[in-house]
Amino acid sequence: MSDSSASSLATFLSRHSRLFVLTGAGMSTDSGIPDYRDEQGAWKRSPPMTHQAFMHSDTARRRYWARSLVGFQALSEARPGRAHRALAALERAGRIEQLVTQNVDGLHQRAGSRRVIDLHGQADVVRCMHCGATQMRHAVHAALARLNPQWTGLEASVGPDGDADLTHDDFGDFSLLSCARCGDGIFKPDVVFFGDSVPRPRVDAAFAALERADAVLVVGSSLMVYSGYRFARRAAELGKPMACINMGRTRADALFSLKVEASAGETLDVALRSLEAAIPAEKLASQALRAST
């Protein structure tokens with residue numbers, strides 16, 4: 001990252017005190033969670049499970065939960081990185097109107113951010129698709145491990161959603177759980193799979209926050225998926241300035257007034273230090289107090 005890039009981002013942050021922040025998988029790579037796409041925006045691995053395949057195929061569900069039994073541990077053990085902590089600090093300083101994340105890892109909240117909309121949900125909750133009963137995912141995985149001891153202890157590379165690249169061809173002997181409340185409901189992580197729709201209240205809340213914001217900061221997202229890109233498109237329609245920190249191209253490159261192609265954690269760290277030096281401490285404190293009321 002060049003000094004000029006960090007300086008430009010710090011200037012952008014100092015000029016806009018009501019940021020709408022949109023984050024993606026690139027936020028969490030420093031936490032050991034891989035991202036989805038390469039620098040050209042193409043898939044690095046097979047596309048994730050779709051909602052339609054999961055709901056309509058018993059074989060797909062067995063494959064998903066077997067792979068997840070191996071891969072989700074990396075997601076659950078991840079800790080917030082520098083980028084998460086920097087955005088939490090910006091929020092405490094009263095400079096973030098809303099943070100909208102496409103990630104399902106919950107790391108923004110663990111870092112201390114409170115103004116968070118989990119656009120695609122959080123992966124640590126499982127829901128019965130018949131009766132709506134919910135369980136914490138660690139309890140579901142513990143039960144699955146008891147039912148499938150032969151599948152525990154396997155190793156495989158993991159994906160950003162807790163999937164794992166197990167090489168097995170046959171998942172037919174993997175036993176699934178039944179819902180204890182209704183008896184036959186399908187258990188699914190309480191997240192938006194590809195091919196599913198983001199709940200309308202979340203989208204409406206995000207758009208309302210975008211209206212209130214005076215600028216947009218995109219961090220670690222290629223915006224190739226429409227669920228995130230629509231906010232950049234709407235911001236452009238509203239004439240709101242946009243900055244982006246992302247390694248590689250994005251779907252909205254033509255819309256940004258500033259783009260930094262560097263590590264999100266390092267870039268935000270440097271920019272935040274510059275911002276703190278440029279804005280008197282008492283002003284930052286008053287902004288934080290105003291944001292909390």
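Strand 7 and strand 8 (residues 242-245) pair in the parallel sense, with 4 bridges between them, where strands are DSSP runs of E of at least two residues, helices are runs of H or I of at least four residues, both numbered from the N terminus, and pairing requires that DSSP finds at least two bridges. This is a predicted model, in which local features need pLDDT of at least 70 and side-chain atom pairs count only at pLDDT 80 or more, whereas totals for chains, interfaces and linings use all residues. Residues are numbered from 1 along each chain as its sequence is written, and side-chain values use heavy atoms, with hydrogens and water left out.

| Partner strand | Sense and bridges | Residues opposite each other |
|---|---|---|
| Strand 1 (residues 19-23) | parallel, 5 bridges | Leu19 and Ala215 |

From strand 7 the chain passes through helix 8 (residues 226-238) to strand 8 in a right-handed β-α-β crossover, a term meaning that, with the strands pointing away from the viewer, the path from the first strand over the helix to the second runs clockwise.

Strand 7 (residues 215-219) is mostly covered, 5 of its 5 residues being buried (under 20% relative accessible area, with exposed over 50% and partly exposed in between, for a 1.4 Å probe and protein chains only). Ala215, Leu217 and Val219 point one way from this strand, while Val216 and Val218 point the other way.

Met136, in strand 5 (residues 134-136), counts as partly exposed because its relative accessibility is 40%. Leaving aside residues up to four places away in sequence, Met136 touches Asp124 and Val125, contact meaning heavy atoms within 4.5 Å.
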